[in-house]
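Q: Could you show me how to read burial, contacts and ring pairs in a model?

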Amino acid sequence: MALARWASRDNVPVPVWRDLLSRGLALVPGRVAPELDVGACVLPGHVGVLGYLVLASDTLGEAMMAYQRYETLFYGTRLAEIEVIGDQVEMRWPPSDNELGQQVDGAAIAALVTFMRRQIDRAPPPVAVSFLESVESETAGAYETFFGCPVTWNDSHVRVRFPLHYLDLPMPRRDPTLRELLDRQARYQFSWQQWLDRSREQLARQYLADPSLTLTDIALLLGFSEQSSFTRAYRRWTGNSPGRDRRQWLSD
């Protein structure tokens, strides 16, 4: 019933995705690392224009850069970092607030690795994968079996490393004309997100000056599904918490 509320073309908000993932995983109690199975089912079309843009890229390296540039279209913020380290390339993500921790991260990296496996015939495994938390030994074994490489736990970032030569591998569905069109659409959506952020920030300042509104009220008025999402966005816009700014303005 919860899934029926969302059309296949909709971008499901991240808090909703986390809730649906939690409820879905609860349906398979006792199964080891079911989040990996979920990640393996994610298709490029599930992330909208970003997914199709990645598919139309010329090489795998270009696809990775497109993902990094427009990641905000899917997550609402830019998180991924890409770095060449010797003869390897690393994609990494810093810690972020999420309610499910390892399950969210596991599903996301499983989706990324599965995507690469689908693009490359007989794709070799990643060089290494890292996660922020620790898990039980049985779960750790399931992760190493799925990824086919050593998995490190309790790291400072979520990381995936691949051989550097991966970047030159051609994408099987590359299409320069389609990529240009999709890139233009992605830039437009990114510009729209920037405009939306500026408008929300301006409205947030007005609402925070109104003592009759709670922070939850303000979050809902600005279109956020929960107060924590508003708080994170406000910190990103201003560097401060909304509660701190409110106290300062109301005391002046």
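A: Let us begin with Thr114, which lies in helix α6, helices being DSSP runs (H or I) of at least four residues and strands (E) of at least two, numbered from the N terminus. This is a predicted model, in which local features need pLDDT of at least 70, side-chain atom pairs count only at pLDDT 80 or more, and totals for chains, interfaces and linings use all residues. Residues are numbered from 1 along each chain as its sequence is written, and side-chain values use heavy atoms, with hydrogens and water left out.

Q: Is Thr114 buried or exposed?

A: Buried means under 20% relative accessible area, exposed over 50%, and partly exposed in between (1.4 Å probe, protein chains only). Thr114 has 8% relative accessibility and therefore counts as buried.

Q: Which residues does Thr114 touch?

A: Contact means heavy atoms within 4.5 Å. Leaving aside residues up to four places away in sequence, Thr114 touches Gly39, Ala40 and Phe146.

Q: Where does the charged end of Arg117 sit?

A: A charge sits over a ring if NZ of Lys or CZ of Arg is within 6 Å of the ring centre and within 35 degrees of the ring normal. The charged end of Arg117 sits over the ring of Phe146, 5.2 Å from its centre, while that of Arg200 sits over the ring of Phe224, 4.1 Å from its centre.

Q: How many aromatic pairs are found in the whole structure?

A: Rings of Phe, Tyr and Trp (its six-membered ring) pair if their centres lie within 6.5 Å, and planes under 30 degrees apart count as stacked, over 60 as edge-to-face and the rest as tilted. The search finds 11 aromatic pairs; in one of them, Phe131 and Phe147 have ring centres 6.3 Å apart and planes at 40°, so the pair is tilted.
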